[in-house]
Amino acid sequence: MTQPSPCSGDYDSKNLCTWCDGCGDYGVLGATKRALVELGLEPHQVLLCFDVGCHGNMSDKLLGYRFHGLHGRVISLASGAALANPDVPILAFGGDGACFSEGVGHLVHAIRSNYNMTFVLHNNANYGLTTGQASSLTPKGEKMNTAPQGSVEDTLNSMDFVFSLKPTFVARTFSGDIRQMTDVFKAAVNHRGFSYVDVLQACPTYNKFASHEYLLERVYDVQKEEHDISNFEKARALAVDTSERIATGVLYKNNESVPYIDRVEARKGVKTRLVDEVASVDITPLLKNFK
Ligand SMILES: Cc1ncc(C[n+]2csc(CCOP(=O)(O)OP(=O)(O)O)c2C)c(N)n1
């Protein structure tokens, strides 16, 4: 008997979304479901990990194996899962606040280790859930709730930073373009190694500087122009220069990418997965220490 292919309804949860009207998180949720369905993945065949933040509330708005971790820690818990069972596709979702402040160390090491997972950055350029504090990606000078006279700190150039770590896959997309987001997520999941996906997203409540309309006017798809995704330096230049137009789509992909677990000599030729190997360990005596 042939297996029925998954459909979007398989991922539907009964929980209602509580995001503000016009929030880019709606778009990311829709594109995530579409990408998983188009990849032919059933909800039980994928792991979805969420950081803490507005975007993290997506964790109970769709079905599948989900893990809602601590603020800034989503990459580390997803990395652990990627090492334990390399057969399961893993998507981790985090905000720019968490990823480029509390959790920035995890991002650094996940990229250089090239763990096999997709990281989706909900880039609304502020700390949304805690009501509009400046993040390290907020443009300097913007008036935010923590900086009513304008943020005085220099803005981190996140793309330049990411490229400095020699990533094997980098993409940028926009929460208002569900079709492109879907295609980018699929390409990211299919990449063998750490896939970094920056989603420029509208936050109508706290981000008054890069609205949906502002982004819509500036984004363009590099896949519709001549762009060689294997050219690291060209991709880096395109990613960093957002002064007039904003390049979106898959910007860089290293076809020679070798994920961390495949680099480890001791794992070569081993047929079992780490997750199977620890299954036989009885932790009952250990747990007694925590009574
Ligand atoms: C270690 C830690 N620091 C701070 C917080 C408080 N906190 C919870 S959500 C949040 C804002 C999240 O912002 P971001 O990561 O950008 O995601 P967004 O809400 O914009 O989607 C903060 C500061 C926390 N829970 N834990």
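Pro167 is placed in the loop between α5 and β5 (169-174), where helices (H or I, at least four residues) and strands (E, at least two) are DSSP runs numbered from the N terminus. The model is predicted, and local features need pLDDT of at least 70, side-chain atom pairs count only at pLDDT 80 or more, and totals for chains, interfaces and linings use all residues. Residues are numbered from 1 along each chain as its sequence is written.

**Pro167 and its surroundings**

- Pro167 is buried, since 26 other C-beta atoms lie within 10 Å; a residue counts as buried if 20 or more other C-beta atoms lie within 10 Å of its own, as exposed if 12 or fewer do, and as partly exposed in between, with C-beta atoms placed from the backbone.
- Once neighbours within four places in sequence are left aside, Pro167 is in contact with Ile111, Val162, Phe194 and Tyr196, contact being defined by C-beta atoms, placed from the backbone, that lie within 7 Å.
- From C-alpha to C-alpha, Pro167 and Asn114 are 7.5 Å apart in space, although 53 residues separate them in sequence.

**Backbone with positive phi**

- Most residues other than glycine have a negative phi.
- Asn114, which is not a glycine, has a positive phi of about 60° and lies in the loop between α4 (104-113) and β4 (117-123).
- Asn114 counts as buried because it has 23 C-beta neighbours inside 10 Å.
- Ala125, also a residue other than glycine, has a positive phi near 55°, and its place is in the loop between β4 and α5 (158-164).
- Ala125 counts as buried because 25 C-beta neighbours lie inside 10 Å.

**Helix packing**

- Helix α1 (residues 25-38) packs on helix α6 (residues 178-190) at an angle of about 50°, with the axes 8 Å apart; axes are lines fitted to C-alpha atoms, for helices over the stretch in contact, and angles run from 0 to 180 degrees between N-to-C directions.
- That angle makes α1 oblique to α6, because angles under 35 degrees count as roughly parallel, over 145 as roughly antiparallel, 65 to 115 as roughly perpendicular and the rest as oblique.
- On the α1 side the contact is made by Gly27, Val28, Gly30, Ala31, Thr32, Arg34, Ala35 and Glu38, and on the α6 side by Ile178, Met181, Thr182, Phe185, Lys186 and Val189.
- The residues of this contact of α1 with α6 divide into seven nonpolar, four polar and three charged, where Ala, Val, Leu, Ile, Met, Phe, Trp, Tyr, Cys and Pro count as nonpolar, Asp, Glu, Lys and Arg as charged, and the others, Gly among them, as polar.
- Helix α2 (residues 74-84) and α4 pack at an angle of about 35°, with their axes 8 Å apart.
- Ile75, Ser76 and Ser79 of α2 meet His106, Leu107 and Ala110 of α4 in that contact, which comprises three nonpolar, three polar and no charged residues.

**Ligand shell**

- The ligand is surrounded by 18 residues, of which the closest are Gly53, His71, Gly95, Gly97 and Gly128; a residue is near a molecule if its C-beta atom, placed from the backbone, lies within 6 Å of it.
- Helix α3 (residues 96-102) supplies the largest share of this shell, four residues.
- By class, the shell around the ligand holds five nonpolar, 11 polar and two charged residues.

**His68 in strand β2**

- His68 lies in strand β2 (residues 65-68) and counts as partly exposed, with 17 C-beta neighbours inside 10 Å.
- Not counting residues up to four places away in sequence, His68 touches Phe50, Gly56 and Ser59.

Note on methods:
Two residues are in contact if their C-beta atoms, placed from the backbone, lie within 7 Å.
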